[in-house]
Structures are given as structure tokens and as C-alpha cells.
Amino acid sequence: MRTNSLTRNCMCCRKIVGFMLFMMACVVWAGPVMAHRAIIFAWVEGEKIFTESKFSGGRPVKQGDIIVYDLENNQLLKGKTDDKGEFSFEIPKRTSLKIVLIAGMGHRGEWTIPVSELEDVAGPQTEITTSQKIAPKKAEDQEETCDITLGEIRQIVEQALDKRLKPVMKILVESRENRPTFRDIVGGIGYILGLVGVAVYFNYRRKLAEMEGKKTD
Amino acid sequence: MHISEGILSGPVLISGIALAAAGTAIGLKKLDYDRIPRAAILSAAFFVASLIHVPIGPSSVHLILNGIIGLILGWGAFPVILVALTLQAMLFQFGGITTLGVNTMIMALPAVFCYYLFGRLVGKRPHIAMPAAFACGALSVFFGAVMVGLALTFTEENFLKVSYLVVIAHLPVMIIEGIITAFCVAFLRKVQPDMLPGYSKQTSFTPSKETAGD
């Protein structure tokens, strides 16, 4: 009985299933061009924080509002993204920062920079820039190189590293964006089928109860 | 058309949940067991349609398909869209769990509204049915955009300004959805006319009597 009514319904929908399969094929084919979420990424580079905002389809968020909060939700600064969806600012305060993107039309994204990331980059630097020159005694015959302070070396190395690491950071940042995968799509459809199963089960129980009720009558 | 978490104020979220729950209750009541597979297929269609991105226009928009869902299911659009939106929020992080009620209202209410507006017309002769189907698909997106504006009004933004922006962003989708809805209606009129609301029973085939016992 259950299979009977089910097959009848399925027959009804057979043609539409075909249409659905076509739509699914479209989705798989459409691949990376997907929407609909606003995402913001932020990373620290020297004394600055860089942010990049985009919709999950890959389109940059143009002229979106960026608001930076500290952990107590005090607003530290506010700005707008440029046409590439980028916005950068000086570190306003050495605490964990919550960077919120308001992309308009109900889209919002959030990114937190923990305080540890800020300390790593900028904390020791200020101390060492004031430190003494390195070992002028050891290499007296190389006076020119000796004029460089430890702090300056650190700064130069950091700048060079920032430059080199920028593309790597970008790749990392892009990989953090979790696009819907094929597995997600199939999983979602699986859930829907499961719900149908539950509905059919209760229908079957109801019908069974009705039949048994008739028998006892 | 999915509103993210953390934008709307508490009262808007709560009234959204309450209204969506009421709509879903009515929808479940009207959705008899024989139409469950149909509803599931439409729910799956809605679930994946949001992944079809329309790269035209100023913003990032996607297909919604609420017009055709409303046309076929009527009030059943509420539970169908709620299920699909829940899965989208969980699996794709579109929208959010707290905004589920509001988002359901944004997409399901226009669907039901368009069902009452155009439901009877799509069963008529083609020169009435086709424009009606197109209008149903396009207007259900339009009303959805207006609902987004309405939801955002209560928090901070100006209703006319936001609605204008959302409607402009969704213009290409409205046209595409209109065409898809018209295409679906034309298809259903040929193969399964009894799925459409305005079709009189005499043209539809009567399902064979269930043989009890097996």
C-alpha cells in the first residue's frame, strides 16, 4: 500500500525529476560562480591591517562599510572598501579586533584578529629600535655595515618577508573561504529525501492504524 | 536575498519567526500526503537554485524560484522554503539560523501571494496563461525584494532607498525567473496539467483506485 501510493506519486513527478536533474547538472557545471554571502578576510602586515571583502561568488564588495570593534564592542574606526573590495588601516589598539563588514542589502561578514597576531608583529619592534648598535667592536674595519641597528635589520627583514608573503597570505585567505561543495549539495538533497521518508512513514502508520481499526470493527 | 545574522534587531527576528511558524503550520495542514514528493522535489530545486549565480547587474544575486513553488504548492511553499533555507544556512552559511524566520517570510509570502494572484490564470488559454506565469515568476522576486527592504527598515536603513537598491539588483533575476516560470508552466500544461492550480479537474487524469491489500 505504501509503495503503491508512493510509486503513483513518483510517476506523477517523473518528468519533473528529469527537469531537476538538468538543473543539478547546471549547478555542477556552474561550479565556482556561486553566491550569496559576504565574506571579509583580514591579516596583519607590519603596522597595518589589510582587509579584503567579497561576496561568495568572488565579486568584490564595493563601497561596503567596515567597522572595527574591540572585544568590548567599542567602535574603534570605520571605513569604506574601495572598488577592489580592499581596505587597510593602522592598528588602532593592541587588543583582539573584531572587523565587521556591512555589505548592504542585509549582508554582513565578520573577521576576528586575535591579540596574539598583533603582538607577534609589532610588539618587540618598538623596544628594539631603541637598542644599541650591533657589535661595533667586533668588526671595526667594516664601519658602514655596523651603523645598522638591530631594529633596522628587523624592520628590513620584516618588510622583505611581508612582500614575499603577500601572495602566500592571499592564497591562504582564499582557501579559508568555504564554498559549497558538491558534497554539501548532495547532502542537502539527502536531508530532503530523508524528510520525505519520515512523512511517508507517518502516512503509512496512519493508514495501518486505520486499516486495523476497520478490522476490529 | 538572504539576510545575514547580526543585522536585524530582536523584535524583527522574533516576529519573523512567529509569522513563518504560522505560515508553515498552515502550509503543513494544506499539504496532504500525496503531494509530499512534489514538495520535496521543489524544496530540492529551491535548495540548489541559490547556487545558480546571475552575474548581471550591480550586486551578487541568484535564482530563487519562489514563483513556481508558490504556483504549484500554494501555502505549501512555506514548509518547503523553510526546509531548504535551513539546509542552506547549515551547509552553505547563506543567511543564518536566527534569521531563518525572516528569510522564510521574505521568500515564501510573495510565493503565496502570487499563487492567489495568478493561480487561476495559468490554467486558462495560452495567451493569458503565459504572461500570467511570467508575471508570477517576476513579481514573486519583486515582492521578495520589497520584503527585504521592509525587514531592513525596522533596523536602520531607509525603506525606499533599500527597496530600490534590492529591486534594481534583482531586475535580471526577475526577468530570468519570469522566463523559467513561463517555461515550467508551459511544460506542466503539456505533461501534467493537474499540478497547476487553475486547471479544472475534467482535464486531469484521475489516478487509478488504490488496490488494497498489496
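Author: Here is a close look at one hairpin and its setting. The model is predicted: local features need pLDDT of at least 70, side-chain atom pairs count only at pLDDT 80 or more, and totals for chains, interfaces and linings use all residues. Residues are numbered from 1 along each chain as its sequence is written, while chains are lettered from A and ligands numbered from 1 in the order in which they are written.

Start with the whole chain. Chain A has five helices and seven strands. Helices (H or I, at least four residues) and strands (E, at least two) are DSSP runs, numbered from the N terminus. Along the sequence the pattern reads α-β-β-β-β-β-β-β-α-α-α-α. Of its 217 residues, 20% count as buried. A residue is buried if 20 or more other C-beta atoms lie within 10 Å of its own, with C-beta atoms placed from the backbone.

Now the hairpin. Strand S3 (residues 65-69) of chain A pairs with S4(A) in the antiparallel sense, over five bridges. Two strands pair if DSSP finds at least two bridges between them. Asp65(A) stands opposite Lys80(A), which belongs to S4(A). Between S3(A) and S4(A) sit five residues. In that turn, Asn73(A) has a positive phi of about 65°.

Which strand lies largely in the open? Strand S4 (residues 75-80) of chain A does, because the number buried among its six residues is zero.

Notes:
A residue is buried if 20 or more other C-beta atoms lie within 10 Å of its own, exposed if 12 or fewer, and partly exposed in between; C-beta atoms are placed from the backbone.
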